[in-house]
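Here is a short briefing on a predicted model. Keep the structure open while you read.

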Amino acid sequence: MRTARTGARQLITAVVVGAIVLLLIDRFASGYYKYLIELMGIYAILTVSLGLTNGFTDVFSLGHVGFMAVGAYTAALLTFPLEKRPDYFPELPEILRGAYLPYPVALIVGGLLAAAIAFVIGFPVLRLKGHYLAVATLGFMAVVYSLLLNLEPITRGALGISGIPEYTNLWWIYLWLGLTIYVTWRLIDSYHGRAMIAIREDSIAAQSLGIDTFRYRMMAFVMGAFFAGVAGGLYAHLITLIDPRAFSFVLTFNVIIMLIVGGMYTISGAWLGAVLFTVLMQALKPVEEITGLYGLVELIFSALLVAIMIYKPRGLLEEELPQLVRRWLRAGEGTS
Amino acid sequence: MASATYLLDLFVGSFVLGSMYALLSIGMSIIYGILRLINFAHGAMLMVGAYFYIMFLAMGLDPVLSLPLSMALGAVLGVAIDFFAYRPLRGGPELSMLITSLGVYIFLENLVRIIATPQPRVFPLPDFLKGIYRYGDFSVRVIEIFTIVSTLVLFAILVLFFKRTKLGIAMRATADDLEASVLMGIDANRIIMVAFALASMVAALTGFLWGGMYGQVDPTTGFMPGVKAFIAAVVGGIGSLTGSVLGGYILGYAEIFSVGLLPPEYSGLRDGISFLILIVILLIRPYGLFGREVERV
């Protein structure tokens, strides 16, 4: 039986353990590995928030990276040094010329703008089903991409925005990852989350039980977009240079692969997919370089994706990690 | 500003682009009709087909022989992909096939990248397709005429195939109702094999035309045409042969004319325009211009 107290205790344990691990990484990891771990955290925010729609409701969106791009450009513009703006953005609209926000607020504003856009396009898009929804959201992504390329006064087009202040660090990323996981977990464990899962399993049955399917789809879509937007802001201030190509189909596919290989029906599966992807990518890069077979990583991952769809369609993790650990512990007690 | 010749150029350009979209869209539509699969990998079949052609040429074969051979090899590959990737998923949730086809797309793109390097390759056209006809200011390339004519001929052949032949009728029956057609003694797996062979063969032909039109191919060539072909199929009414051909032409014309008539600074919005058309169509007529309304829950 889980009570409020054991829930709180677990949460505190998780936060303390997480903080210690981060402290050790911050202290001892070399610059490159630290950067990888930071990138991994951003991927994890993306996969967990994408899991909210693609895993926990029946909305299979391919537009997640579009929301990420909105957040990235918004946050980058809002924190861009005021004195450098006339040089970098000579044609910037009047309102944006003096609009400056501190980094943490800019992240949230980026997320909110992404969420607002999700809300607006949700009205037409979420009425579609299955395939059609997937392609329409891919369309949204393509529209964002071509706007980024063409709204040159604001986005500098293909040049991209360089010289973004480097505010993002390990702590910011993992703070937001923790927040994303916590909010998702609380949501899934609530009445609303159960309604979402019911919609995923059988939307007609859910509807007949009085669940407002459109409302819950929208809720998942908007919340997923918010965290994707924040992830974009974190990414912009980590890499310090963003251009439209960073938010293309390649990233979209990679995020989908991470989510599905890890397991899109669990939160642990989602972030584990991001971890696995980053680790394998790094482990295989040297092989790629020695053999000269560029594209090998993607080849292996796509084969893995197809194999997972055939043999383990629910992904590697079908159960939440804490549940699995608890079961292993219990099994250990039984044998000893 | 827009002279008559310029408009004529746009008209021919749209006709050519629309033809290639139409060809791909036919394949997309045939597969979707039977399997309810949005085959993202279909665009990759275009790219692979173009590479097959280059490969046969490099082996010293005649261009006239290389084209049919690349189409045949494309068909074999299409059937093989169905066998290894999609067949194990039959009867499962429809999204799992969509996800798998994304995986197959990435697999093919990177396989070609590894085998043939990521650098773009020059696409050599046979001599008899290289010429240009000029009439004053206006000029048209032979490959453009070839593209338009072969699309129309192929469309006519396919219409006859689906209307008149036993196999074609069986395919339409399977697309209408898979279970009922199986009960009527139609071998569904065989029909699906034929569908993949046909669609991939046409995609390989499109790859030849695409390479010939633009002069080069690289491993990423197929992605956008593949997505556009799906849009065309949806706009026209997925599952309908005439619909997907018309959808292809609508998209071709919309793209070329919007780029050609808008000021040059908006030309980058081209891809965005196709998707806007898709979203508008999905909202006002989700089953497409020529599609029939099917179970909408």
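B:Tyr214 counts as exposed, because it has 12 C-beta neighbours inside 10 Å and a residue with 12 or fewer falls in that class. B:Tyr214 belongs to helix H8 (residues 188-214) of chain B. Between B:Tyr214 and B:Thr5 there are 21 Å in space, C-alpha to C-alpha, and the two are 209 residues apart in sequence.

**Chain B overall**

- Chain B holds 11 helices and 4 strands.
- Its radius of gyration is 19 Å, close to the 19 Å from the globule rule for 297 residues, so chain B is as compact as a globular protein of that length.
- Along the principal axes, the C-alpha atoms of chain B fill a box of roughly 60 × 50 × 35 Å.
- Buried residues make up 48% of the 297 in chain B.
- Take the contacts in chain B between residues at least 6 apart in sequence: 75% of them join residues at least 24 apart.

**Nonpolar core**

- The largest nonpolar core has 191 residues.
- Which residues have the most contacts inside it? They are B:Ala195 and B:Leu278.
- Helix H12 (residues 213-239) of chain A gives the most to this core, with 17 residues.
- Leaving out residues up to four places away in sequence, B:Ala195 touches B:Ile30, B:Ile31, B:Ile34 and B:Met171.
- In soluble globular proteins, nonpolar side chains tend to be buried together.

**Interface between chains A and B**

- On this interface, 34 residues of chain A are in contact with 36 residues of chain B.
- Three elements of chain A give two or more residues to the side that touches chain B: helix H7 (130-150), helix H13 (249-262) and helix H15 (296-311).
- H7(A) gives the most to that side, with 13 residues.
- By class, the side of chain A that touches chain B has 26 nonpolar, 7 polar and 1 charged residues.

**Helix H14 of chain A**

- Helix H14 (residues 267-291) of chain A has 25 residues.
- From first C-alpha to last, H14(A) reaches 36 Å, close to the 36 Å expected at 1.5 Å a residue.
- Where does H14(A) bend by about 30°? The bend is at A:Leu284, and a proline, A:Pro286, follows within four residues.
- The buried residues of H14(A) include A:Ile267, A:Trp271, A:Leu272 and A:Phe277.
- Also among them are A:Gly269, A:Ala270, A:Gly273 and A:Ala274.
- A:Gly292 follows H14(A), and its phi is positive, near 75°.

- Most residues other than glycine have a negative phi.
- A:Arg156 has a positive phi, near 60°.
- A:Arg156 sits in the loop between helix H8 (152-155) and helix H9 (170-188) of chain A.
- The loop between helix H1 (4-35) and helix H2 (42-58) of chain B contains B:Arg36.
- B:Arg36 has 16 other C-beta atoms within 10 Å, so it counts as partly exposed.

Definitions and conventions: Residues are numbered from 1 along each chain as its sequence is written. Chains are lettered from A and ligands numbered from 1 in the order in which they are written. This is a predicted model: local features need pLDDT of at least 70, side-chain atom pairs count only at pLDDT 80 or more; totals for chains, interfaces and linings use all residues. Two residues are in contact if their C-beta atoms, placed from the backbone, lie within 7 Å. Ala, Val, Leu, Ile, Met, Phe, Trp, Tyr, Cys and Pro count as nonpolar, Asp, Glu, Lys and Arg as charged, and the others, Gly among them, as polar. A nonpolar core is a set of buried Ala, Val, Leu, Ile, Met, Phe, Trp, Tyr and Cys residues joined through C-beta atoms within 7 Å. A residue is buried if 20 or more other C-beta atoms lie within 10 Å of its own, exposed if 12 or fewer, and partly exposed in between; C-beta atoms are placed from the backbone. The radius of gyration is taken over C-alpha atoms; the globule rule is 2.2 Å times the number of residues to the power 0.38. The expected span of a helix is 1.5 Å times one less than its number of residues. The bend at a residue is the angle between axes fitted to the seven residues ending there and the seven starting there.
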